[in-house]
Amino acid sequence: METAVTVAVIIFVIIAGMFLIHRLNAQHDERIGAFRYSDALPEIGRQPRKSPRATASKGPPADAARREHREGSR
């Protein structure tokens, strides 16, 4: 009888530990999944990003006009 109770307690502790580990892994996966850097291979399956030069206007950069204004006021 004592052996059966001991075996049952050991099995229960093992099942409880498996459930706890499963819950902690699920919580960890949710936390990691919330961040963009967690993508395993971010470039696969996505549209390639355009470079900043491709989206920039053909005119002078906006900083150049500000720089000229600052330098001209001295």
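In what follows, helices are DSSP runs of H or I with at least four residues, and they are numbered from the N terminus. Keep in mind that this is a predicted model.

**Exercise 1.** Work out which pattern the chain follows along the sequence.

*Solution.* Begin by counting elements: there are three helices and zero strands. Next, read along the sequence, and you get α-α-α.

**Exercise 2.** Find which element has the highest mean pLDDT and which has the lowest.

*Solution.* Then turn to the elements: H1 has the highest mean, 94, while helix H2 (residues 52-55) has the lowest, 57. A word of caution: where pLDDT is low, predicted coordinates should not be read in detail.

**Exercise 3.** Decide whether Val5 is buried, partly exposed or exposed, and say what surface patch it belongs to.

*Solution.* First, locate Val5: this residue lies in helix H1, which spans residues 2-33. Second, recall that buried means under 20% relative accessible area and exposed means over 50%. Val5 has 44% relative accessibility, so it counts as partly exposed.

**Exercise 4.** State what share of the chain's residues count as buried.

*Solution.* Of 74 residues, 1% count as buried. For the surface, the chain exposes about 7,600 Å², with 62% supplied by carbon and sulfur atoms.

Terms used: Residues are numbered from 1 along each chain as its sequence is written. This is a predicted model: local features need pLDDT of at least 70, side-chain atom pairs count only at pLDDT 80 or more; totals for chains, interfaces and linings use all residues. Side-chain values use heavy atoms; hydrogens and water are left out. Helices (H or I, at least four residues) and strands (E, at least two) are DSSP runs, numbered from the N terminus. Buried means under 20% relative accessible area, exposed over 50%, partly exposed in between (1.4 Å probe, protein chains only). Accessible areas come from the Shrake-Rupley method with a 1.4 Å probe; for residues, only the protein chains shown count as cover. pLDDT is the predictor's confidence in each residue, from 0 to 100.
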